[in-house]
Amino acid sequence: MSIIDELTSALGPAKVALDAPTLTRYAVDQAPVLDFQLPQAVVLAESVEDVQSAVRACAAHRVPLVARGAGTGVSGGAHASKDCVVLSLERMNRILDLNPDDETAVVEAGVINADLNTAAAAHGLMYAPDPASFKMSTIGGNVATNAGGLRCAKYGVTRDSVLALDVVLADGSLIHTGHQTFKGVAGYDLTGLFVGSEGTLGIVVGITVRLKYLPQDVHTIAAFYPDFRSAAAGVLAVGKARVQPAIMELLDSGTLAQLDEIHGSDLASRGRSLLLIQTDGFGAAAEAAVIRPVLVAGGAVVTMEASAEAEQLVELRRNSRGVEVDDEYRVGEDVAVPRSRLVDYVEALESMAATHRVKLKVVAHAGDGNLHPTFWVDRVDKTVAADAMARLGAVLDESITVALAIGGTITGEHGIGQYKLRWLGLEQKEPVRELQRRIKELFDPAGILNPGKAI
Ligand SMILES: Cc1cc2nc3c(=O)[nH]c(=O)nc-3n(C[C@H](O)[C@H](O)[C@H](O)COP(=O)(O)OP(=O)(O)OC[C@H]3O[C@@H](n4cnc5c(N)ncnc54)[C@H](O)[C@@H]3O)c2cc1C
């Protein structure tokens, strides 16, 4: 029996898509495509048993299996591999339990981040990790990429909110890792290992998360600076004041201009860089009052935004990737540097973009030193674009090597996926990489789970 026949007979035809438009739609995520591949089939799982059936069929036929949440990843982690089956978890979107006393929730992998937050808010709670894609991306995808987000500056990344996982292993068996309690040190931390493993060690089907309190009060401060470097310095100044904002986002002039163009706002006329800060909780007003003079002393024009405008500014920041999807002409990066080196790195970015004659815009989750520079060149005929492509490649390489040289990492939150594999060896050396390969072999000896990604 062929893999397609086996999947169809195990799951029924309604859960196995074979038509060309669906195969094309599920072939890529939002990262640049280096090697386009069409999957053989897309499995639309509705239960843990469906996932197990799909994994068992792929294992028996040695067919690669690519797990997929919402496909909003920007590293190519969910790009189809050659002759693979894509396993979509998007229909597994039930919140199975929400316990306001324990402050935990149990969700299926396909639950959209925003939907969990809406459900939690009814109890005065929130699920803290909030990637800018939170209205689209799934908790399973967030777990597989260890997603960060805006309020991670205060509340930590996805790993810090995950207590336990249900995972289908490469042989189709189901395991439960972790604990329902906030604390727990029994055995090796397999939950932590699966978080950020990008679908290469197992398929996450259930997630137990810790919830946090929905802040009683929120204050938003918009600090407009005459240049990007002073705004980056503002991040350090706030840290030195020993106040912990929930959100500390940095937007450069290119980003402000693009937002104005798309949304008709007037941000660029207010300064060449924006540091957007949100304090929250019972001390929100007091913390904001400490931060404001610190920013003014650093050269900022500071406004305390009224709530409607504040919400709009934060919303604009969440949309700051724009509507364009990365491709060979335009690449959004994701590096993190120690906060003390933010200003140096911002200076280096501006200088390397000028040297390589490449366009640049930058947004940053500056509170945790995580920057998203986007580099691009004009879209011209490929026959005359070789030089521009070479310059784009060179500036990307340099942005990575400079980040590493100052103690940073090549990916703060998007993961290695497929796109960043070429730089992984610069950050992780042997024998660490060999150890990683051995872990992969232990969990997936036949190498069917998302091959060619993450490690
Ligand atoms: C506009 C925009 C803004 C973004 N902002 C942020 C941000 O602020 N912070 C951030 O961290 N990221 C951000 N991202 C990137 C992306 O949204 C995150 O990586 C997100 O976690 C991906 O979730 P997803 O459901 O779309 O997963 P997918 O893209 O479908 O998959 C991502 C990876 O996880 C694997 N995977 C998915 N589900 C499972 C599962 N159930 N079990 C095992 N493996 C699985 C896939 O194989 C793939 O390797 C942004 C993306 C966009 C388009």
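Strand E2 (residues 41–44) and strand E4 (residues 85–88) run parallel and are joined by 4 bridges. Val-42 has Val-86 of E4 as its bridge partner. Helices (H or I, at least four residues) and strands (E, at least two) are DSSP runs, numbered from the N terminus, and two strands count as paired if DSSP finds at least two bridges between them. The structure is a predicted model, in which local features need pLDDT of at least 70, side-chain atom pairs count only at pLDDT 80 or more, and totals for chains, interfaces and linings use all residues. Residues are numbered from 1 along each chain as its sequence is written.

E2 and E4 belong to an open sheet of 4 strands in the order E1-E2-E4-E3, with mixed pairing. Its edge strands, strand E1 (16–17) and E3, each pair on one side only.

**Domains**

Domain bounds come from an automatic or database domain assignment.

| Domain | Residues |
|---|---|
| Domain 1 | 95–213 |
| Domain 2 | 218–318 |
| Domain 3 | 330–417 |

The C-alpha centres of domain 1 and domain 2 are 29 Å apart. Their contact involves 5 residues from domain 1 and 7 residues from domain 2, where contact requires C-beta atoms, placed from the backbone, within 7 Å. The side of domain 1 that touches domain 2 has 3 nonpolar, no polar and 2 charged residues. In these classes, Ala, Val, Leu, Ile, Met, Phe, Trp, Tyr, Cys and Pro count as nonpolar, Asp, Glu, Lys and Arg as charged, and the others, Gly among them, as polar.

**Helix H8**

Helix H8 (residues 228–240) has 13 residues and should therefore span 18 Å at 1.5 Å a residue, which agrees with the 19 Å between its end C-alpha atoms. The expected span is 1.5 Å times one less than the number of residues. Among the buried residues of H8 are Phe-228, Val-235 and Val-238; buried denotes 20 or more other C-beta atoms, placed from the backbone, within 10 Å of the residue's own. The cover over the buried residues of H8 includes strand E12 (218–225), helix H10 (284–297) and helix H12 (342–355). Just after H8, Arg-242 adopts a positive phi of about 60°.

**Ligand shell**

Of the 38 residues around the ligand, Gly-69, Gly-73, Gly-77, Gly-140 and Gly-141 come nearest; a residue is near a molecule if its C-beta atom, placed from the backbone, lies within 6 Å of it. The shell divides into 13 nonpolar, 19 polar and 6 charged residues. Strand E3 (65–68), helix H5 (139–145) and strand E10 (203–210) each supply at least two shell residues, and H5 gives the largest share, 5 residues. Domain 1 and domain 3 each contribute at least three residues to the shell.

How values were computed. A residue is buried if 20 or more other C-beta atoms lie within 10 Å of its own, exposed if 12 or fewer, and partly exposed in between; C-beta atoms are placed from the backbone. Two residues are in contact if their C-beta atoms, placed from the backbone, lie within 7 Å.
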